[in-house]
Amino acid sequence: MRDILRVGKILNTHGLKGELKVLPLTDNPRRYDDLEFVLLDGKEVKLEGCKYQKDRVILKLEGINTIEEAERLKNKYLEIPREYAVELEEDTYFIADLIGCTVYDTEGRNLGKIYDVIQTKNNDVYWIREPKELLIPVLLDIVLDINIEEEKIIIKPVGEWQDED
């Protein structure tokens, strides 16, 4: 498990006084209200202000006071130590913990490691790129067991829920 979790990606500047337009990488963007700091390039930076705009968060970070300073932060990630993460409900996981887990079917076949988790309106999808690209809908009747400590996920055999090529 990772000790540091990403909570946002800086997309652009906002205004002239160093505010940042951030894409929240969390299920609850209002979660920024509870943060006193974020990690930026591994350094702790105090949050001075936070407001919300549609699906974006506008943040003011300590020490970033001009549009030029803010401009240099585009495409950087905002992170937090795991101990400041929200407590998850039972049977929910951080995407960072799922990425890299090996997926096996109930017959013991290694289907590959999770490269990314795609979030859709209805359900998440595990994306495996190698050895063969595979998209696995995260549904209770397909994903049977998730063990983050062992980095192991068990699913039904592919042929039972998807027509094979």
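The following legends describe an overview and several close-up views of a predicted protein model.

Residue numbers start from 1 along each chain as its sequence is written, and side-chain values use heavy atoms, with hydrogens and water left out. Because the model is predicted, local features need pLDDT of at least 70 and side-chain atom pairs count only at pLDDT 80 or more, whereas totals for chains, interfaces and linings use all residues.

**Figure 1. Overall fold of the predicted model.** The protein contains two helices and twelve strands, where helices (H or I, at least four residues) and strands (E, at least two) are DSSP runs numbered from the N terminus. Along the sequence these elements follow the pattern β-β-β-β-β-α-β-α-β-β-β-β-β-β. Taken along the principal axes, the C-alpha atoms fill a box of roughly 55 × 30 × 25 Å. Of the 165 residues, 35% count as buried; buried denotes under 20% relative accessible area, exposed over 50% and partly exposed the range in between, with a 1.4 Å probe and protein chains only. Among contacts with a separation of 6 or more, 49% come from residues 24 or more positions apart, contact being defined as heavy atoms within 4.5 Å.

**Figure 2. The largest pocket and its lining.** Rolling a probe the size of a water molecule over the atoms shows where empty space is left. The largest pocket has a volume of about 1400 Å³. Of the 41 residues that line this pocket, Tyr93, Phe94, Ile95, Gln119 and Asp124 are the closest to its centre. A pocket is an open set of points on a 1 Å grid over the protein atoms alone, where a 1.4 Å probe fits, with protein on both sides within 12 Å along at least five of seven lines; lining residues have an atom within 4 Å of a point. Grid points are joined across faces, edges and corners, and the volume is the space filled by probe spheres set on the points. At least two lining residues come from each of strand S1 (4-14), strand S6 (77-81), helix H2 (95-98), strand S8 (110-119), strand S9 (124-128) and strand S11 (143-147). The lining comprises 24 nonpolar, six polar and eleven charged residues, with Ala, Val, Leu, Ile, Met, Phe, Trp, Tyr, Cys and Pro counted as nonpolar, Asp, Glu, Lys and Arg as charged, and the others, Gly among them, as polar.

**Figure 3. Surroundings of Asp105.** Asp105 belongs to strand S7 (residues 102-105) and counts as buried, at 3% relative accessibility. A polar atom of the Asp105 side chain lies 2.9 Å from the backbone nitrogen of Glu107. Beyond its neighbours within four places in sequence, Asp105 contacts Leu111, Ile154, Ile155, Lys156 and Pro157.

**Figure 4. Aromatic pairs.** Two aromatic pairs are present in the structure. In one of them, the rings of Phe37 and Tyr84 have centres 5.1 Å apart and planes at 80°, so the arrangement is edge-to-face. This pair links distant parts of the chain, with Phe37 in strand S3 (residues 37-40) and Tyr84 in the loop between S6 and H2, 47 residues apart. Phe37 is buried at a relative accessible area of 12%, whereas Tyr84 is partly exposed at 42%. Tyr115 and Trp127 also form an edge-to-face pair, at 5.0 Å centre to centre with 80° between the planes. Tyr115 lies in strand S8 and Trp127 in strand S9, so parts twelve residues apart in sequence are tied together. Both residues are partly exposed, Tyr115 at 42% relative accessibility and Trp127 at 24%. Rings of Phe, Tyr and Trp (its six-membered ring) pair if their centres lie within 6.5 Å; planes under 30 degrees apart are stacked, over 60 edge-to-face, and the rest tilted.

**Figure 5. Backbone geometry at Pro131, Asn75 and Glu151****.** Most residues other than glycine have a negative phi, and most peptide bonds are trans. A cis peptide bond, with omega of about 5°, joins Glu130 and Pro131; Pro131 is placed in the loop between S9 and strand S10 (134-137). Asn75, although not a glycine, has a positive phi of about 70° and lies in the loop between helix H1 (67-71) and S6. Glu151 likewise has a positive phi, near 55°, and is found in the loop between S11 and strand S12 (152-155). Glu151 is partly exposed, with a relative accessible area of 41%. Leaving aside neighbours within four places in sequence, Glu151 contacts Gly100, Cys101 and Thr102.

Terms used:
A polar contact is a pair of N or O atoms within 3.5 Å; within protein, one must be able to donate a hydrogen and the other to accept it, and residues adjacent in sequence count only if both atoms are side-chain atoms.
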